[in-house]
Amino acid sequence: HTHTHTRGGEMNAQAQSTVSPRQLTPLPHKVPLAVVADKVEALSVGTTNYPAEFAAVVAGREKRKLGDVFGLRNFGVNLTRIGPGAQSALLHRHAVQDEFVYIVSGTPTLVTSLGEMQLAPGMCAGFRAGEDGVAHHLVNRSSDSDAVFLEVGDRSPNDRAEYPNNDLAAHCDPDGTWHMTHKDGSPWQEEEQ
């Protein structure tokens, strides 16, 4: 029987059961020191902030927000799985947030504004923020296996994302809420989302 230690010193069995970040109290003594990553509750497959016309590209994506389980404030960590034919996101770059990915399993294709490269377990890639940052996303072109990777990004307030191939822009409020607009800044209408 596997247990995890909480910062308060008590033992619990969260490592063997599904852990929901919403079930954990954000107080330091109630946050686990360790969990089994693939036991952390996943967001619903395909959960996205994208308007409806773009949502299909991430329909086969599943994220487990590992950083939230530990109450991390300065950076986020996701264990992300994309099924055959799915993408991690639309091709994008961030104005403020640096990003890093580490491939756990599978062979996703890294698609960037500079070209493409097939990745394999143990490989990693990083993307610097800013106008000179490389637009990027991962695409699983496998017909029969998932790709699993860790995503790491900082939680800098007032970030913006640019989507060079789509009429889409995003900005992040200081509280971490993302808002999607057209490139000209006009909001997506309810029927568009």
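**View 1. Cysteines and the disulfide count in a predicted model.** Taking a disulfide to be a pair of cysteine sulfur atoms within 2.5 Å, the count comes to zero disulfides. This is a predicted model, in which local features need pLDDT of at least 70 and side-chain atom pairs count only at pLDDT 80 or more, whereas totals for chains, interfaces and linings use all residues. Residues are numbered from 1 along each chain as its sequence is written, and side-chain values use heavy atoms, with hydrogens and water left out. Cys124 counts as partly exposed because its relative accessibility is 45%, while Cys172 counts as buried because its value is 8%.

**View 2. Strand S4 and its two partners.** Helices (H or I, at least four residues) and strands (E, at least two) are DSSP runs numbered from the N terminus, and the chain has two helices and 14 strands. Strand S4, residues 75-82, is mostly covered, since six of its eight residues are buried. Two strands pair if DSSP finds at least two bridges between them; S4 pairs in the antiparallel sense with strand S3 (residues 61-65) over five bridges, and Arg64 has Leu79 in S4 as its bridge partner. S4 also runs antiparallel to strand S11 (residues 147-154), to which eight bridges join it, and here Arg81 stands opposite Val148 in S11.

**View 3. A nonpolar patch that includes Phe100.** Phe100, Tyr102 and Val104 make a nonpolar surface patch of about 240 Å². Accessible areas come from the Shrake-Rupley method with a 1.4 Å probe, and for residues only the protein chains shown count as cover. Phe100 lies in strand S6 (residues 99-105) and counts as partly exposed because its relative accessibility is 35%.

View 4. Thr109 belongs to strand S7, residues 109-112, and is buried because its relative accessible area is 9%. With contact meaning heavy atoms within 4.5 Å, and not counting residues up to four places away in sequence, Thr109 touches Glu116, Met117, Gln118, His137, Leu138, Val139 and Arg141. Thr109 and Leu119, ten residues apart in sequence, are 5.9 Å apart in space, C-alpha to C-alpha.

Conventions:
Buried means under 20% relative accessible area, exposed over 50%, partly exposed in between (1.4 Å probe, protein chains only). Patches are made of residues with over 30% relative accessible area and no salt bridge: like charges are joined within 9 Å, nonpolar side chains (Val, Leu, Ile, Met, Phe, Trp, Tyr) within 5 Å. A salt bridge is a side-chain nitrogen of Lys or Arg within 4 Å of a carboxyl oxygen of Asp or Glu.
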